[in-house]
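I opened this entry to keep a record of what I looked up in one structure. The notes follow the order in which I went through it.

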Amino acid sequence: MAPHQYNSLKIHTALAESNKVYLDQIKLMLDKCTSESTRVIAFRFDLRFPSGYKGDDKKVITKFFESLKAKIKAKEAKTQREGKRVYQSNLRYAWVRENDGSDNDHFHVVILLNKDAFSVLGNFNSTKKNTATRIQKAWISALSCKEESSTGLVHFAKKGVYILDKNAMNFNVTFKELYYRISYFAKNRTKVYGTGKRSFGCSYK
């Protein structure tokens, strides 16, 4: 069977079962990010709520990105204080809220950063600051929960790191692979519609 496609790019789910607006915004986000930086790194992960979570979850994803942006700015400020070169990194992202029948929704997320500033994900069990620990702490902050009760709330996807280097021979291949991976966000099934909660967000402007 021929692969599903949209605007000559392979997509995860049949077009009839996908949200075209989301597909367009994902493409715009990737184009914007790669136009700003020669080398871009993307990280795919999931965010989940703790069991019995009773907080206001309508704004929790916004709080997560605000916290993560603040941590990125803090890293840049620390690098500058140390007299090192600062590579500016505008955080770009896409996220989708889904529910597969469980008590709480969950989020699938991809973030994109300047590869010169953030070269690896890092060990999320490390006591040192790295991209993984920043993501975890940003989610803990958004939930206003205790760190000891946050185990398993952030899941980093298997093979979820992509490097987009415009000077590399494999740039177009990797771009298409990443687009296909996150085109999954545009599928209509398991979306949370009609609840007053946003089901999708993307920093494409």
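**Histidine 108 and its surroundings**

I began with a side-chain pair: histidine 108 makes a polar contact, side chain to side chain, with histidine 106 at 3.5 Å. The model is a predicted one, and side-chain atom pairs count only at pLDDT 80 or more. I then looked for another partner and found that the side chain of histidine 108 also makes a polar contact with the side chain of glutamate 98, at 3.2 Å.

I noted the place of histidine 108 as strand 5. Is histidine 108 buried or exposed? Its relative accessibility is 7%, and because the limit for buried is under 20%, histidine 108 counts as buried. I listed its contacts, leaving aside neighbours within four places in sequence: Arg44, Phe45, Asp46, Ala94, Trp95, Val96, Glu98, Tyr184 and Phe185. Asp46 in that list is also the residue whose bridge partner in strand 5 is histidine 108.

**The sheet**

From that bridge I went on to the strands. Strand 3 and strand 5 run antiparallel and are joined by 9 bridges.

**Leucine 47**

Not counting residues up to four places away in sequence, leucine 47 touches Ile61, Phe64, His106, Phe107, Val109, Trp139, Leu153 and Val154. How many residues separate leucine 47 and valine 154 in sequence? I counted 107, while their C-alpha atoms are 4.9 Å apart in space.

Trp139, touched by leucine 47, is one of the buried residues of helix 3, and that took me to the helix.

**Helix 3**

Helix 3 covers residues 131-143, which makes 13 residues. From first C-alpha to last I get 19 Å, close to the 18 Å expected at 1.5 Å a residue. The helix is mostly covered, with 11 of its 13 residues buried. I wrote the buried ones down: Thr131, Ala132, Thr133, Arg134, Ile135, Gln136, Ala138, Trp139, Ile140, Ala142 and Leu143. What do the buried residues of helix 3 pack against? I found strand 3 (39-48), helix 2 (60-81), strand 5 (106-114) and strand 6 (154-165).

I looked at both ends of the helix. At its start, a side-chain oxygen of asparagine 130 reaches to within 3.0 Å of the backbone nitrogen of alanine 132. Asparagine 130 itself sits in the loop between strand 5 and helix 3. Its relative accessible area is 14%, so asparagine 130 is buried. Its contacts, leaving aside neighbours within four places in sequence, are Leu121, Gly122 and Asn123. After the helix comes serine 144, which has a positive phi, near 55 degrees.

**Cysteines**

I searched the whole structure for disulfides and got 0.

**The chain as a whole**

I finished with the totals. The protein chain comes to 4 helices and 7 strands. In what order do the elements run from the N terminus on? I read β-β-α-β-α-β-β-α-β-α-β. The chain has 205 residues, of which 48% count as buried. I also took the contacts between residues at least 6 apart in sequence: 70% of them join residues at least 24 apart. The pair of leucine 47 and valine 154, 107 residues apart in sequence, is the example I had already written down.

Conventions: Residues are numbered from 1 along each chain as its sequence is written. Side-chain values use heavy atoms; hydrogens and water are left out. Helices (H or I, at least four residues) and strands (E, at least two) are DSSP runs, numbered from the N terminus. The expected span of a helix is 1.5 Å times one less than its number of residues. Buried means under 20% relative accessible area, exposed over 50%, partly exposed in between (1.4 Å probe, protein chains only). Contact means heavy atoms within 4.5 Å. A polar contact is a pair of N or O atoms within 3.5 Å; within protein, one must be able to donate a hydrogen and the other to accept it, and residues adjacent in sequence count only if both atoms are side-chain atoms. A disulfide is a pair of cysteine sulfur atoms within 2.5 Å. Two strands pair if DSSP finds at least two bridges between them.
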